[in-house]
Amino acid sequence: MTTTLRNWSGSVWSHPQTLHTPSSADEVQDIVTTAARAGQRVRVRGAGHSFTPVAASADQLLQLDGLSGLISADPAAGRARFHAGTRLRDIPALLARHGLALPNQGDVDPQALAGAVSTGTHGTGLGYTGFAGAVTGLTLIDATGTRRELSADSEPEIFDHARLSLGVFGVLTEIELTTVPAFDLIASETSEPFDEIRTTMADRVREVDHIEFYWFPHTQHAAVKTNTRVAPGAEAPAALAHVRHRPTWQRLLSEEVIDNGALAAVCAIGARVPALVPHFNRLATAALSNRAYRAAAHEVFVSPRRVRFNEMEYAVPLEAGAEVLAEIGRTITARGWRISFPLEVRVAAADDVPLSTASGRESMYIAVHRYVEEEWEPYFRTLEDILLAAGGRPHWGKIHRLGRAELAERYPRFEEFCVLRERLDPAGMFSNPYTDTLFGRSRRS
């Protein structure tokens with residue numbers, strides 16, 4: 001019987017013929033070999049958090065929640081190995097038993113680890129790459145059902161590309177990551193003039209551990225969040241010595257009532273009365289600012305997201321970010337749009353992952369959102385032209401309109417990736433119509 005699934009924002013529906021929930025790598029191998037004999041395609045679904053049909057399937061779909069948990073941890077080597085279906089939200093507790101933590105995280109954590117790695121999930125901080133750049137080992141089930149152990153020393157060519165492959169090389173069943181000793185973060189949230197943070201961001205990222213900001217269109221200020229890393233129990237730098245851990249009630253008030261409850265009301269009203277959006281946005285900027293607190297790293301990196309939206313995000317060269325943001329601001333004003341959701345701006349270190357949005361360059365990530373009840377396409381498409389003109393690369397799990405030809409112009413090793421994909425999966429077994437637009441149809445698919 002056909003199963004019906006949808007993604008988090010409700011914009012993508014999937015109707016797989018069969019939904020599999022394997023609990024072992026052996027089961028995955030059986031599913032793959034059976035599908036290969038039947039000439040069917042196989043895709044893997046994580047948390048459904050992508051805004052594109054990257055995980056959609058009309059044939060065989062795998063959900064890897066049954067392959068979850070920590071396999072091993074080596075504090076001395078700074079590495080930990082996980083089953084690929086492990087949710088990001090579960091990793092901090094698994095690592096804490098060994099005194100370890102992830103080096104960095106994004107701002108949400110419901111995703112499956114395999115999905116986060118395979119679509120280029122990232123956090124912020126110029127000293128840190130996205131998840132794919134932290135991968136040190138992989139176990140992959142290929143199109144023949146063969147289990148491959150991949151690392152820099154074992155099948156290095158495949159490992160190099162498989163670190164971020166959107167699932168078109170096969171099914172990941174295990175992922176090994178770099179880890180660091182557990183740490184706290186001291187968060188400082190302030191309101192600053194938009195033009196000031198926009199023009200100084202490229203310099204400030206070199207002076208702090210982590211920084212990001214949110215700019216609500218139609219306002220002159222941005223909510224800036226700066227995070228400082230501190231060992232658990234260690235004294236904070238003198239300027240932050242007054243910052244304390246916040247009690248649970250205060251955290252719930254901040255995250256659930258102010259950040260989510262108020263935003264939900266603002267978006268719902270703004271969708272019906274657009275003229276009120278500028279006023280609400282000024283209030284929202286103030287509400288997100290003037291807070292400071294200390295907590296375990298994952299509690300600061302991650303925030304709950306209850307208000308549903310659609311999202312497009314591009315990585316542009318770090319030095320291009322200031323002018324791109326200025327052009328976006330001018331365009332929103334000229335078009336007379338009323339945009340209730342903020343732009344989110346983050347940074348990442350350059351890495352060597354072929355399909356990483358930060359491959360070979362320090363990057364500024366500019367994410368734009370639209371409330372689910374509002375039309376997103378005119379806004380996204382217009383801003384996408386600005387981001388593309390600056391050399392932007394689209395986040396693999398978020399909305400964009402690029403196909404193989406355009407993507408090949410933005411990634412020096414893109415065609416190399418496509419050739420390897422053809423070699424590993426000549427029948428296009430691990431593809432779907434959406435990935436065909438990205439990488440082309442395989443010769444025998």
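Residues are numbered from 1 along each chain as its sequence is written, and side-chain values use heavy atoms, with hydrogens and water left out. In this predicted model, local features need pLDDT of at least 70 and side-chain atom pairs count only at pLDDT 80 or more, while totals for chains, interfaces and linings use all residues.

Salt bridges were identified by distance. The rule asks for a side-chain nitrogen of Lys or Arg within 4 Å of a carboxyl oxygen of Asp or Glu. The count by this rule is 35 salt bridges. One of them pairs Arg81 with Glu174, with 2.7 Å between the closest N and O atoms. This pair links distant parts of the chain, 93 residues apart. Arg81 belongs to strand β7 (residues 79-83), and Glu174 to strand β11 (residues 171-178). Helices (H or I, at least four residues) and strands (E, at least two) are DSSP runs, numbered from the N terminus. Arg81 counts as buried because its relative accessibility is 12%. Buried means under 20% relative accessible area, exposed means over 50%, and partly exposed lies in between (1.4 Å probe, protein chains only).

A second pair joins Glu362 and Arg206, at 2.7 Å from N to O. Glu362 is partly exposed, at a relative accessible area of 30%. Arg206 counts as exposed, at 52% relative accessibility.

Glu311 counts as buried, at 6% relative accessibility. Lys398 is buried too, with a relative accessible area of 10%. Elsewhere, salt bridges that share partners join Arg79, Arg81, Glu149, Glu174 and Glu176 into one network.

Rolling a probe the size of a water molecule over the atoms shows where empty space is left. On a 1 Å grid over the protein atoms alone, a cavity is a set of points where a 1.4 Å probe fits but cannot get out, and its lining residues have an atom within 4 Å of a point. Grid points are joined across faces, edges and corners, and a volume is the space filled by probe spheres set on the points. Two cavities of 30 Å³ or more were found.

The largest cavity holds about 60 Å³ of space. Its lining has 13 residues, and the closest to its centre are Gly120, Gly130, Asp351, Ser356 and Tyr365. By class, the lining has six nonpolar, six polar and one charged residues. In this scheme, Ala, Val, Leu, Ile, Met, Phe, Trp, Tyr, Cys and Pro count as nonpolar, Asp, Glu, Lys and Arg as charged, and the others, Gly among them, as polar.

The second largest cavity has a volume of about 50 Å³. Its lining includes Gln105, Asp107, Glu212, Asn227, Phe301, Glu344 and Arg346. This lining divides into one nonpolar, five polar and four charged residues.

On the surface, Ile269, Val273 and Leu276 form a nonpolar patch. Together they have about 210 Å² of accessible area. Accessible areas come from the Shrake-Rupley method with a 1.4 Å probe; for residues, only the protein chains shown count as cover. Leu276 lies in the loop between α6 (248-272) and α7 (277-287). Leu276 is partly exposed, at a relative accessible area of 35%.

Two residues other than glycine have positive phi values. Leu166 has phi near 55°. Leu166 is placed in the loop between α4 (156-162) and β11, and is buried at 3% relative accessible area. His218 has phi near 80°. His218 is in the loop between β14 and β15 (221-230), and counts as partly exposed at 22% relative accessibility.

Finally, Cys418 lies in helix α12 (residues 414-424). Cys418 is buried, with a relative accessible area of 2%. The C-alpha atoms of Cys418 and His83 are separated by 27 Å, and the residues are 335 apart along the chain.

Definitions and conventions
Patch = residues over 30% accessible without salt bridge, like charges linked within 9 Å, V, L, I, M, F, W, Y side chains within 5 Å. 1 Å grid on protein atoms, 1.4 Å probe; cavity = no way out; pocket = protein on both sides within 12 Å on 5 of 7 lines; lining within 4 Å.
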